[in-house]
Amino acid sequence: MSRAGGIPVLHGGEDVNRKIIHVALNGVTGRMGYRQHLVRSLLSIREQGGVRLDDGTAVYPEPILVGRSEDRLRAIAERHGLERWTTSLDEVLADPAVDVYFDTQVTGVREASLMKAIEAGKHIYTEKPVAESVEGALRLARAAEAAGVTHGVVHDKLFLPGVIKLRRLVNEGFFGRVLSVRLEFGYWVFEGDQIPAQRPSWNYRAEQGGGIVLDMFPHWQYLLTDLFGPIAALYARNVTHVPRRWDESGRPYDASADDAAYAVLEFAGGAFASVNSSWAVRVNRRELLELQVDGTSGSAVAGLRNCAVQHRVCTPMPVWNPDLPDPNDYQAQWSDVPDNEVFDNGFKVEWELFLKSAAEGRPFAWNLIEGARGVQLADLALRSSAEGRRIDVPPLDL
C-alpha cells in the first residue's frame, strides 16, 4: 500500500500517494470565495480524492481560511470540518507549510496582499481584476516571474458549457469568416432601499475599486481573445445610470462608480464586437450572459450553458413589412448544440489545472501577465469614455 505522510488514500478504486497542498484562501467569507472557490471547487476536489498527476499522485488541497471576521471564519470552518483559519494574513504567509495563496478580496486591497504572498515565496492564484492599474498588475507579474513561483488568474468563463460549445464551433470552422460578435451581459441590481441589493455596495464606489468596467472587462478580454483573437482597438462609453443606492446597513450613498458600459471592439482579424454590460437592465434573454456570433456560413448564440446555431442553409428570408404581422418564429428556427459531453463546474476545472501546475512547479497558462492584459482593456475602456475617442490596444509584455 502506497502512503503519503503515513496516510493511505483511496482514489479511483486504488490506494495512491497523496501530495497535500496547503491553500490559504483570503476573502472566503464573501459569496464568490465561499460558494465557488471553497465549496464547489476545493472541497469538491477533496471529496473526489484530489486531482491526479501524470505519475498517479493525488494532489489533495488543504484549505486554510483567511478573512477579517473571526466569527464568520469559525462558522465556516466548523460547518465543513476544517481545522485552520486566521484573521492574520501575515501569520499565514509566514508559515512555510503554506504552498498557495488565493485572493478573492475586494479589488482595492488585492495588489498589496498578492505582493506580500509573492515575496513570501507562495504560489499565486487570484480573482480578477488583479490590480486597480496596469502598472500595478505588471508589478505583480514581474515579481512573480522573478520569484519563480507558479501564478494564475481565474478565467472561469472559458470553462462554461456554452462557451466550450461555442469554441468548438469556432475551431471547426462552422462560422466561415466571423463578421461580428454581440455580447450582452447584465441584470437589474436593486438599489437597496425597498429590496436589498444582490451585489455589495463597494461595487458602486470607485474609491473602493468598484465599477462594472473594472469588474467585467477583464473577463471580456480573455473570453473574446480566446475565441476570436487579439483585440486591436476599442471605443467605450461608461455611465452611472443609478446614482443613489443603499448599503448593507440601509444607509443611502451616492454611487461614484459606473454601473453600465457600452463598447465597440475591433479584432485584429477584422471582425467587430458590440459589448453591452449593465447592472441597470432587465433581462429578456435565455441567460444573463449571451454571445451572438455571425459569420458568412453560420451564426450561434451562446450563454453560460446553452448554445444555439443556425447554418446558412437553414437561414430564413425575412421581408421587412411593418404593415403586416411577421409570420416567422425566428427563435424556433435555431437548433441547440447538444450536451454531448460531461461539463464540470468551471471554477473547479481551472482549480484542478492550477493545482497540478503548482504541484509540479511549472508555469500556468492563464497567469498574471494575462491578468494584466485584462486590466489594460478595462483601463483603455475608461480612458476611451473619458476622452470620447477610439483607442488602439497596444501589445502588453513584461
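These legends accompany close-up views of a predicted model.

**View 1. Helices α1 and α8 cross at roughly 60°.**
Here we look at helix α1, which spans residues 31-47, and helix α8, which spans residues 346-360. Two packed helices are described by the angle between their axes and the distance between the axes. For this pair, the axes come within 9 Å. The crossing angle is roughly 60°, so α1 and α8 are oblique to each other. As for handedness, α1 passes α8 in a right-handed crossing.

**View 2. A buried salt-bridge pair, R110 and D103.**
The structure holds 27 salt bridges, and this view takes us to one of them, between R110 and D103. The closest N and O atoms of the pair are 3.1 Å apart. Are these two residues buried or exposed? R110 has a relative accessible area of 2%, so it counts as buried. D103 is buried as well, because its relative accessibility is 0%.

**View 3. A partly exposed salt bridge joins R362 and E360.**
Next comes the pair formed by R362 and E360, whose closest N and O atoms lie 2.5 Å apart. With a relative accessible area of 34%, R362 is partly exposed. E360 is also partly exposed, at 36%. Have a look back at View 1 too: residue 360 is where helix α8 ends.

**View 4. R389 and E387 meet through their side chains.**
In this close-up, the side chains of R389 and E387 form a salt bridge with an N to O distance of 2.5 Å. R389 has a relative accessible area of 39% and is therefore partly exposed. For E387 the value is 40%, so this residue is partly exposed too.

**View 5. Y235, V264 and F272 make a nonpolar surface patch.**
One of its members, F272, belongs to strand β15, which runs over residues 272-278. F272 is partly exposed, because its relative accessible area is 40%.

How values were computed:
Residues numbered from 1 in each chain as written. Predicted model: local features only at pLDDT ≥ 70, side-chain atom pairs only at ≥ 80, totals over all residues. Heavy atoms only, no water. Patch = residues over 30% accessible without salt bridge, like charges linked within 9 Å, V, L, I, M, F, W, Y side chains within 5 Å. Areas by Shrake-Rupley, 256 points an atom, 1.4 Å probe, with all protein chains shown as cover. Salt bridge = Lys/Arg side-chain N within 4 Å of Asp/Glu carboxyl O. Helix = DSSP H or I, 4+ residues; strand = E, 2+ residues; numbered from the N terminus. Buried < 20%, exposed > 50% of the residue type's maximum accessible area, 1.4 Å probe, protein only. Axes fitted to C-alpha atoms, helices over the stretch in contact; angles between N-to-C directions. Parallel < 35°, antiparallel > 145°, perpendicular 65-115°, else oblique. Left-handed = near helix turned anticlockwise from the far one by under 90°.
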